[in-house]
Amino acid sequence: MTATATGTAVEHAVLDRTWSSRPGIVGWLTAVNHKQIGLRFVVTAFGFMLVGGVLAGLIRLQLIVPRAEVLGPEAYNQVFTMHGTIMMFLFAVPMLEGLGMYFVPLMIGARDLPFPRLNAFGYWLYLGGGLILMWSFVTGSVPDGGWFAYPTLTGPEFSPDRGLDFWLLGVTMLEVSGIVGALELVVVILRHRAPGMTLSRMPIFVWSILLQGGMILLAFPAIIAASLMLEIERKFGVPFYDPTGEGNPLLWQHLFWIFGHPEVYIMLIPATGVVSAVVQTFARRPLVAYPLVVAALTAIAILSFGLWVHHMFAVGIPMLALALFSVASMLIAIPSGVQVFSWLATIWTGRVRWSTPMLFVAGFIVIFVAGGITGVMVASAPFDWQVHDSFFVVAHFHYVLFGGVVFPIFAALHYWFPKWTGRVPGEALGKASFWIMFVGFNVAFFPQHFLGFLGMPRRVYTYDPGLGWEGHNLASSLGTGVLTLGILVFMVNLAVSASRGRIAGPNPWSADTLEWAAASPPPSYNFGELPVVGAREPLWAPGVDLDERTRAVTTALRAPTAPGAREQLATTVVDAQIVEVTRLAGPSIWPLLTAAAVTVAMVGVLVDAWTLAVLAGLGVVVGLVAWLAPRSPA
Amino acid sequence: MSAPVVGTRPVLLVALAAGLTACSGNPNALDPRGEGAARIAGLWWLMFWLGTAVFVLVLVVLAVAVVGSRRRRRGRAEPDDPTLAPPPEGERSAHRLVVGLGIVMPLVILLPVMVHTFRVGADLSPVHEGGTDLTIEVIGHQFWWEIRYPDHGVVTANEVHIPVGQPVELQMTSRDVIHSFWVPNLHGKIDLIPGEDTHLHLHAHEPGEYWGICAEFCGVQHALMRILVVAHEPGDFEDWMAARAQAPPTPADPAAREGAELFLELGCAACHRVAGTPAEGTRGPDLSDLAVRRTLGAGAIENNRANLGGWVADPQALKPGNLMPPTPMSGEQLQALLAYLETLE
Amino acid sequence: MPVGPTRLAASSWGLLMGGVSIAAVHGSFVFGFFFLSTGAGAWPPEGMGPPSALRGLATTGLVVLGAGLAALAWRLTAAGSLAGVRSAHVGAALAGGAAAVLTSLDVASQIPEAVEHAYPGTVALLHGVVAAAFGAAVVIAAVLAVTRRVRREDSAVLAGWWLLIAVLWLPTYAAVQIWSRVQ
């Protein structure tokens, strides 16, 4: 790759002044820098994970013995609904998008995301939606329809209180936030890669975020539309899902799973992107079969939109259709297999250092393969008739989502911690946390497979003794305790390392991607001299010879070409040839104010304060105009 | 890292295989007593052994990779140079591994699974109607099951009685929210959807009592919405049907007669039906054969006089959130009512 | 420096991505319209029907007009003709305003019966999305007209937005005005 940060101290000072957020509390509220916003997503999502984890603990406490009375039926239904909702909407997707926001610009040699204010808006919207959902705990009307909220149970007749309104409005805000983030990431990846970083030189993690973004843009609208219709049905009685008015509850299921199935891969694809990055770094060799892995990721992204009916095998759809969806669902095993064996081959032919992130990745491979195998099983429609909505499925999707997504997220947090803090996390506690989590996870979730065969449906708040369910439930609950301990150890390790860890330097893992060329933590402008890329693993390759034009441009951009101009390169989609210098927007309070207006409008709808809702809606328009309106020519 | 995993997993899997086929009496999808469950269990065991083979293969490759990687690392005495790329080693054989095990192997494994899925699915397909001698309507309610035998004019609740040795069609729908009918020993599940009809063919191989639970989250008492399928020898089924087809006898005992009047006066009849009486309510379960049912509250508690008294006095204590309100009454009234309810068979 | 500062590359792609998502929301409603029609006895049911055919035709005309004016403004920015660009923006704002009124009337025509049957509710929803898109087109064009700026990326936003409107309107018209009547 190129020289890293060169240039004079003066140039760096000017760049820093240009790209920094304003000081103080105002600066915090108006900040738009991708690293600040991305880190906010990561930290907030981690916080929500802890909330969701406490709820999971309550679930396992209630099920630890038959007829336990930790939670009543209402509370239990609220708790499992919010556990799923938080983990899906408030933790996994925002966490992965946050990692993308922080690291993708660094990995592709950009200085910021293309619409920095929109990015800030996305965070505030996420926070607002999350607070609306959390507020439901204060009011006592907690959503209790399950994370997939099937009507008619969630319609006005059978869920008359406000719980579901919190859910529908909050989740809609989160989905809009997700779309906004995806839009940023897709555009930055397609239009702002470093010169020379052709599509075939993009790191796998960047590919995974690109595909995730594309999937979010297409999948999240389906649940937004479905939620709007359900909210209208609840508020105004329009029978979209109510069969007495020729509505159809299955419309919700179709729309929800057109969103919900891609959602699984929206979480999984970036997680596998993390895995590829970690494997490549710690095996100290390029990923084996890079083109096949890219093809596999793309195939998964496309296939995932054709699988939604496999969540509806028990609703009475004709067998021919079920068979087609069965086959399509099973075919996912092939691109997944390509990825798994690419990692294994990379390990085999590499020289692996077993640091903590690599351990999490190895644990991920074991658990993910197990979850993938049960995934092929539940893709078989007749078998699914037995295990659908049973604890077998609970076990399956925790293998896929906890093993397949949370383990890579933990690997990522450990792997990228030095970039955020400038310090390397401790290895001893890190490895201990992995082993405790790995053991705890399997003890918690493996027995649940048995419970499914033994007829235990998911979402039951209690069960009778004598059904043969006691031992498995007890093991599962105890395993959850061990798992919790592992997560605590992980957190303690990071907390201690933040102040006491070894100083990292730019590239503590000797990794190959561009984020490790920037200082740790990176300066506000990421790179003084914009990198130019000539290889797939730029930090492992010799530098590139710049042509005249590129040299002229990167030299010119060592400092702003006009006072205060936040400039970054725009390049062509495929070949990453320079096409223009894009000037980005700077800090602004309007994203926060607009998101606040959206939140107030949602609250207005929630409490039937229609005047407030309309006024706040007008506020949103004013905010958007004030934020987006081009300045009149000087 | 893989050593303990390699060691314990197969043991667990063998325990799985053994543990799931052993016990009986309780719900168990792998202890099939009916056509559907048997075919699906066959499909499962095929997938189980193939899946186990794949899992073990992955673990072996991982173990070999770890060992190989460690050897390669040790082979290089010099410290890792952080700036230069390591030379890609064994690129072609690594590539071959990805194609062979990542693409070809899954295809080979999936083919029999797909074929078997088609065959079992086509044979068990729940959507083809008719073709059976007996059709039973199952209607889901929060949180109980209404069971109707339209050809015999019989209505009951929470217990489905079927003859063994022949397929019986269950025709399902729901009056309120989505429920799901699942009796693991007999068949997979099918949803009960308001405004739609779904179908399931139950074909029990041997007589017995088979328990299941509503499998689609349906509200506050989803957990205590159980269903019992009782499979009879065909002759016994005829007897059961003949007994059910008659209205319960007019009570002879004076206390029971008083109870019958109280049943109408206290408002029970607004929601419950008793055949041959003016009680024609349809919101709650039909009580014409209450005395011979095994449980109360759709499997919430055993059906005996003490529990029935407790249930009538305060249904919310035993199954909080069910839709039956408590009915205020004196102790004598309750005893009379219980005397009457015990005659309903 | 060999390249000039613009935002065309980023903003046009950003608009494209946002447009894809908005169209996908609307597409979900269109899916709902057809999905519900397959399960319903009669679609539209007896005594209910699509909004006025005349308004539908007029709206279609306004879509063509507005999109044409927005495209014209985009062309004129290249020539740097401030007066021409502004006139085109004002014209597009007027077309969008008129269409917003017409589609709002379509929504209003369906609301009285919307609680009885899913058909009018779905039709109102489809027109509601389009009406909101027209409203946004008015705001964008008005802001551009007021700020008197001739920048390609700004006109590109307006032209792109009208393209999105066409993408939203065509399936709406086809489903509600044509398909409802041939049922």
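This briefing covers chain contacts, salt bridges and aromatic pairs in the structure above. The model is predicted. Chain B and chain A bury about 8,300 Å² between them. Chain A and chain C bury about 3,700 Å² between them. Over all chains, the structure holds 21 salt bridges and 79 aromatic pairs.

**Interface of chain B and chain A**

- The size of an interface is often given as the accessible area lost when the parts come together.
- Here that area is about 8,300 Å², and 72% of it lies on carbon and sulfur atoms.
- Chain B brings 100 residues to the contact, and chain A brings 99 residues.
- There are 20 residue pairs in polar contact between chain B and chain A, both residues being at pLDDT 80 or more.
- On chain B, the side that touches chain A draws at least two residues from each of α1 (3-22), α2 (35-75), α3 (91-124) and β7 (190-192).
- That side of chain B has 64 nonpolar, 21 polar and 15 charged residues.
- The count of salt bridges between chain B and chain A is 2.
- B:E91 and A:R285 form a salt bridge through their side chains, with N to O at 2.8 Å.

- B:T198 sits in strand β8 (residues 198-202) of chain B.
- B:T198 is buried because its relative accessible area is 2%, and buried means under 20%.
- The B:T198 side chain reaches the backbone oxygen of B:D191 at 2.7 Å.

**Interface of chain A and chain C**

- Here 52 residues of chain A are in contact with 44 residues of chain C.
- Of the roughly stated area, about 3,700 Å², 74% is on carbon and sulfur atoms.
- Across this interface the rule finds 0 salt bridges.
- It finds 2 residue pairs in polar contact, with both residues at pLDDT 80 or more.
- The side of chain A that touches chain C takes at least two residues from each of α6 (163-191), α7, α8 (249-283), α17 (548-556) and β4 (578-584).
- Helix α7(A) gives the most to that side, with 10 residues.
- By class, that side of chain A has 37 nonpolar, 9 polar and 6 charged residues.

**Salt bridges around B:R294**

- B:R294 forms a salt bridge with B:E159, with the closest N and O atoms 3.3 Å apart.
- B:R294 lies in the loop between α5 (254-265) and β11 (295-296) of chain B and B:E159 in strand β4 (residues 159-163), so the pair ties together parts that are 135 residues apart in sequence.
- B:R294 is partly exposed, at a relative accessible area of 30%.
- B:E159 is buried, at 4%.
- B:E209 also forms a salt bridge with B:R294, and here the closest N and O atoms are 2.6 Å apart.
- This pair links distant parts of the chain too: B:E209 is in strand β9 (residues 208-213) of chain B, 85 residues from B:R294.
- B:E209 counts as partly exposed, at 39% relative accessibility.
- Elsewhere, salt bridges that share partners join A:R67, A:D464 and B:R226 into one network.

- A:D608 forms a salt bridge with A:K235, the closest N and O atoms lying 3.2 Å apart.
- A:D608 is in the loop between α18 (590-606) and α19 (610-628) of chain A, while A:K235 is in helix α7 (residues 204-236).
- The two residues are 373 residues apart.
- A:D608 is partly exposed, with a relative accessible area of 37%.

**Aromatic pairs**

- A search of the whole structure finds 79 aromatic pairs over all chains.
- One of them, A:F434 with A:W435, is edge-to-face, at 5.0 Å centre to centre and 65° between the planes.
- A:F434 is buried, at a relative accessible area of 0%.
- A:W435 counts as partly exposed, at 28% relative accessibility.
- Both belong to one aromatic cluster in chain A, which also includes A:F46, A:F360, A:Y399, A:F402, A:F407, A:F410, A:F438, A:F441, A:F445 and A:F490.

Terms used
Residues numbered from 1 in each chain as written. Chains lettered and ligands numbered in written order. Predicted model: local features only at pLDDT ≥ 70, side-chain atom pairs only at ≥ 80, totals over all residues. Heavy atoms only, no water. Salt bridge = Lys/Arg side-chain N within 4 Å of Asp/Glu carboxyl O. Helix = DSSP H or I, 4+ residues; strand = E, 2+ residues; numbered from the N terminus. Buried < 20%, exposed > 50% of the residue type's maximum accessible area, 1.4 Å probe, protein only. Contact = heavy atoms within 4.5 Å. Buried area = accessible area lost by both parts, 1.4 Å probe. Polar contact = N/O pair within 3.5 Å; in protein donor to acceptor, adjacent residues only side chain to side chain. Nonpolar A, V, L, I, M, F, W, Y, C, P; charged D, E, K, R; others polar. Phe/Tyr/Trp six-rings, centres within 6.5 Å; stacked < 30°, edge-to-face > 60°.
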